[in-house]
Amino acid sequence: MPKNKIKKIKKKKSISTIEEEKLGGKYALSGFAYQILYSCFTILNFVDNENKKVKLDGIEDIDTYNCITTDNQQIYHIQLKESKNKQDASFLKKVLKNFLEIYLTDTTRQFKLVYDFDLCGGNFQKIINKNLDDKSEKYWQKIIQDITHENPTWNWAKYDFHDFLSHLFFENVKKDRLACDIENILISKYDIKTGNEVLYANGLYYFCYEKILNREAISFSELKQCVQLVKDEINKGSHNPAYKWIQKINFENVENSNSMDYYAGKKAEPIDIVQKLPVRRRIIEQKIQTSIEKNKITVIKSSSGQGKTTLALQVAYNLRTDYTIYKLQWCGDKKELDNIVEYCRSRIKIGEKLLILVDNLDAQLKEWNSLAQLLSEKVGINYKLLLTTREDDWYLFAGDQSYLKSLQIIHIDLDATEAEDIYDNLKKINKLYSSAKNWQYYWEQVAEKKLLIEYIYLLTQGEMLSSRIDAQIKNIQQSSNSDVKYQLLRQICFADVI
């Protein structure tokens, strides 16, 4: 070996690189999602009387049966393929092999490849267009000849190349369009009110999922029962008293507002999140989201003024495509907990996955612990609880945590790194008070208590929130009816803690 030859050392992969390369599960789930969506689409389009049925994951991904007469059935076998990559003619060999095995057993059956990928053209494009020239016909005859040699025990006596091709069909269907098409069919065929179509679609997805797992057929009567079940559950929800205690948070349908109350120290509302007013706290958000993924119950706990509600709403907004977001307004009586559980169960039955926000634990929400236990016992899946609480309220209303399964408490407070980040972000959107020239000065004023609300108010208003409250108290003292106002304030403060 030459002295100056240096042996190359392979660069070690990082954990993040290894993780990025592990894409098998992602692709498998994407293909399964395509199967679920097209199955639902086929069922809604095809199954319109009792003579028709669809079997999922039977001989092929989808098998459709149309009993025209007692002795006459029209049967299609549909295979589904999705890919992000362009595909050439070699891709089709395995599909043809599967179809040929069925064709040689029963030459009356029809076959369809439904696909969502781009074609390289050539022989693949020509067979799809049923426009074979001599060269492409020889190519496909050679492919089938190879299949013949690989499977000599099949009954090739019935095989006829041109007859087989006449039973072969192709359809390019984009996955991105299917969800919208399904909802439109539901509206037109089943007289569903616009706004509820997503609930019906979710119910149908779950229905198909179970049928695929069990490899079962779907009849017209079963399809109608599925739609009716969703309708019954929706109606049941409106008659359940818990309907008044649980508010759905729809970030896509909040009223627009030009108010900047959030920067004046007001409690965050969904519209503030939609309008991107709060400064993002991405590290804490990710910690909360990871907890929600791994646990049934996630608790955000801190002293007052740390942005618990804002964080909870921001995380809910981040997860809005994965969950349907609800806010629990009241669960103060054990006798009513079964109604809340039943309401949650009815939402899950129609295909929703619930993220239930329990914000600012207090006497109105004191039975949350018992509710969590009942949800675990009677519902079990497809829900998560996200609580926010002050330190003192947690000790008053947490209940016996030993009965709770899968709970994580996340403590939050403001630190110097976040303080600098908040300053920089407020500066970018021109929300800083005119005299706020650097973050360190303002951070030093709140560093002892680390109160987020005080820090943001100071940066945007130029004074401490506590200073403003002191000034308002002095104004009350100087007014003629100060005693009455003080009494009202005492009652409000007392009501807030009982």
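The largest pocket has a volume of about 1600 Å³. A pocket here is an open set of points on a 1 Å grid over the protein atoms alone, with protein on both sides within 12 Å along at least five of seven lines. Its volume is the space filled by probe spheres set on the points, which are joined across faces, edges and corners. This is a predicted model: local features need pLDDT of at least 70, side-chain atom pairs count only at pLDDT 80 or more, and totals for chains, interfaces and linings use all residues. Residues are numbered from 1 along each chain as its sequence is written, and side-chain values use heavy atoms, leaving out hydrogens and water.

**Largest pocket**
- The lining holds 44 residues; a lining residue has an atom within 4 Å of a point.
- Asn202, Thr324, Gly351, Glu352 and Lys353 lie nearest the centre of the largest pocket.
- Helix H8 gives the largest share of this lining, 8 residues.
- Other elements supply at least two residues each, including helix H2 (24-46), helix H13 (337-349) and strand S9 (324-328).
- Helices (H or I, at least four residues) and strands (E, at least two) are DSSP runs, numbered from the N terminus.
- By class, the lining of the largest pocket has 23 nonpolar, 10 polar and 11 charged residues.
- Ala, Val, Leu, Ile, Met, Phe, Trp, Tyr, Cys and Pro count as nonpolar, Asp, Glu, Lys and Arg as charged, and the others, Gly among them, as polar.

**Cavities**
- There are 2 cavities of 30 Å³ or more; a cavity is a set of grid points where a 1.4 Å probe fits but cannot get out.
- The second largest cavity has a volume of about 30 Å³.
- Its lining residues are Pro278, Val279, Arg280, Arg281, Glu285, Thr310, Leu311 and Gln314.
- Helix H12 (residues 308-318) gives the most to this lining, with 3 residues.
- By class, the lining of the second largest cavity has 3 nonpolar, 2 polar and 3 charged residues.

**Exposed and buried residues**
- Leu213 is found in helix H8 (residues 197-214).
- Leu213 counts as exposed because its relative accessibility is 54%; exposed means over 50% relative accessible area and buried under 20% (1.4 Å probe, protein chains only).
- Val299 is found in strand S8 (residues 297-302).
- Val299 is buried, with a relative accessible area of 0%.
- The C-alpha atoms of Val299 and Leu387 are separated by 4.6 Å, though the two are 88 residues apart along the chain.
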